[in-house]
Amino acid sequence: MVSPCIYRGWVVLGIATLLFMTQKGIEVSWGTTILCFQQDEDFPQSTLALLGTPLSVFLAFKVSLSNLIYMALFKYGQLSLRQFTALGVSLMVLGLFLTSFADSPQFVAASFGILSGSGTGVLIVCTYIVIALWFPWSHRFHVFSTSVLSAMDPLGWRWAFRLCAAVFGSMGSLLLAVFGNPPIVSSEQQEAMPNEKSFRSPNIQKPPWSVRSKVVIHGIWAIAICCKGFAYFLPMVILPKHLIDLGYKEVDAVKVISVFGTVGAIGQAFASLVGDYVKGYIMVANLVAATMLTVNNIIAAYSTSLTAVYVYCAVSGFFLGPYLAGYYAVNNEIMDGENIYTLFLTMRLSKGVGATVGPYLAGHIRDVTGSYQAVFLSIASCFGMFILATFLLICNKKWRYLKS
């Protein structure tokens with residue numbers, strides 16, 4: 001029989017997952033949304049760089065600036081996680097609804113970028129914290145529960161935003177209704193809990209982290225995730241226009257994005273299901289996935305056939321699964337379960353920097369060079385930097401283990 005606490009945790013996770021999936025649909029379809037903007041009478045002669053700006057602003061507030069909002073309100077406003085959730089949902093709904101009446105990229109940047117971006121970011125931060133409380137590191141499904149959160153455009157872009165606003169409003173209200181009071185478990189209690197798959201060993205006394213080592217590790221992690229933020233979002237933004245440049249039809253662009261999203265969901269589901277069985281080796285899994293993504297983007301830079309684009313989407317979508325499955329849980333591995341929240345917020349801040357630069361820079365490169373070849377190569381370079389930075393963190397962890 002399932003205890004009431006665990007049952008409430010699964011309910012919260014299910015509702016949050018549906019909410020995040022709907023929100024993610026807007027991001028992954030932004031390339032298609034740009035094509036809709038170009039055909040709209042209210043967006044005459046807007047450059048690709050300008051049309052990519054709203055997404056850059058959205059990612060800046062969602063992934064980076066919302067963390068500052070959260071920390072400021074947490075420190076000075078003394079808001080509870082439930083109140084943060086209500087604030088996030090309200091800003092998301094308001095921003096999406098106002099965006100449906102937009103008549104310029106600047107309007108979209110303000111309504112969708114600032115309002116929805118801030119609301120989405122605040123909601124993501126507090127939701128991850130709540131889920132991690134319901135499912136701590138020692139829980140059998142910690143990786144699954146914290147990664148499944150990361151796992152619809154036929155009505156036209158205006159009604160799509162209105163539909164998303166309605167979904168966010170209803171699901172956010174339902175999430176507030178079942179929020180509950182997650183159990184607060186201290187780090188000492190977590191270590192005392194049995195967890196045979198944990199990477200910690202009770203017989204090994206590891207030296208404490210020095211201030212210098214903490215700064216260096218956070219810096220390396222910030223560089224790795226900044227590159228990841230730049231490389232992760234761009235394929236979904238550039239693929240539709242890339243296909244049009246190659247001479248294919250818009251319907252092909254929509255199909256390609258559908259394949260990317262479908263295979264990505266499969267890869268994410270697979271990685272989430274097996275994540276708890278590789279707990280302690282999530283960084284290694286990310287290293288392998290990033291290597292495959294690097295090679296895939298190098299090949300894509302010189303490929304022009306439609307078949308090659310489908311292969312690119314299938315490979316990228318699948319290997320982004322393990323790349324995302326440890327989104328929260330991987331922070332437990334970097335410093336052996338210490339400084340998890342600071343590493344998590346560092347991850348979000350630096351990811352936002354990369355994600356903010358990406359869409360605008362990609363559009364500018366396309367406007368200047370007339371193709372996305374250089375963009376694919378820059379994506380590959382960023383994945384390569386992520387590999388190097390992650391490898392350094394793994395080596396540092398192994399060295400500390402040997403010293404102990």
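Biologist: How far is the sulfur of Cys226 from the closest cysteine sulfur, and in which residue does that sulfur lie?

Modeller: In general, a disulfide is a covalent bond between the sulfur atoms of two cysteines. Here a disulfide is counted when a pair of cysteine sulfur atoms lies within 2.5 Å. The closest cysteine sulfur to that of Cys226 belongs to Cys227, at 5.7 Å, which is too far for a bond. By this rule the count comes to zero disulfides. Please note that this is a predicted model, in which local features need pLDDT of at least 70 and side-chain atom pairs count only at pLDDT 80 or more, while totals for chains, interfaces and linings use all residues. Residues are numbered from 1 along each chain as its sequence is written, and side-chain values use heavy atoms, with hydrogens and water left out.

Biologist: Is Cys226 buried, partly exposed or exposed?

Modeller: Buried means under 20% relative accessible area, exposed means over 50%, and partly exposed is in between, using a 1.4 Å probe and protein chains only. Cys226 has a relative accessible area of 26% and is therefore partly exposed. Cys395, at 32%, is also partly exposed.

Biologist: How many residues does helix 5 have, and what distance does it reach?

Modeller: Helices are DSSP runs of H or I with at least four residues, numbered from the N terminus. The expected span of a helix is 1.5 Å times one less than its number of residues. Helix 5 has 30 residues and reaches 40 Å from its first C-alpha to its last, close to the expected 44 Å. Helix 5 also bends by about 30 degrees at Gly117, where the bend is the angle between axes fitted to the seven residues ending there and the seven starting there. Because 25 of its 30 residues are buried, helix 5 is largely enclosed by the rest of the structure.

Biologist: Which members of the largest nonpolar core touch the most other members?

Modeller: In soluble globular proteins, nonpolar side chains tend to be buried together. A nonpolar core is a set of buried Ala, Val, Leu, Ile, Met, Phe, Trp, Tyr and Cys residues joined through side-chain atoms within 4.5 Å. In the largest core, of 56 residues, they are Leu123, Tyr128, Trp221 and Ile334. Helix 5 supplies the largest share of this core, twelve residues. A second, separate core of 46 residues includes Cys227, Tyr232, Leu320 and Cys382.

Biologist: Where is Ser100, and what does its side chain reach?

Modeller: A polar contact is a pair of N or O atoms within 3.5 Å; within protein, one must be able to donate a hydrogen and the other to accept it, and residues adjacent in sequence count only if both atoms are side-chain atoms. Ser100 lies in the loop between helix 4 (81-99) and helix 5 (105-134). Its side chain reaches the backbone oxygen of Phe97 at 2.6 Å. With 0% relative accessibility, Ser100 counts as buried.

Biologist: What is the phi of Asn339?

Modeller: Most residues other than glycine have a negative phi, and most peptide bonds are trans. Asn339 has a positive phi of about 55 degrees, although it is not a glycine. Asn339 is in the loop between helix 13 (331-334) and helix 14 (340-369), and is partly exposed at 27%.

Biologist: How far is Phe376 from Asn296, which is 80 residues away along the chain?

Modeller: Their C-alpha atoms are separated by 9.3 Å. Phe376 is in helix 15 (residues 373-403) and is buried, with a relative accessible area of 1%. Asn296 is among the buried residues of helix 11.

Note on methods:
Helices (H or I, at least four residues) and strands (E, at least two) are DSSP runs, numbered from the N terminus.
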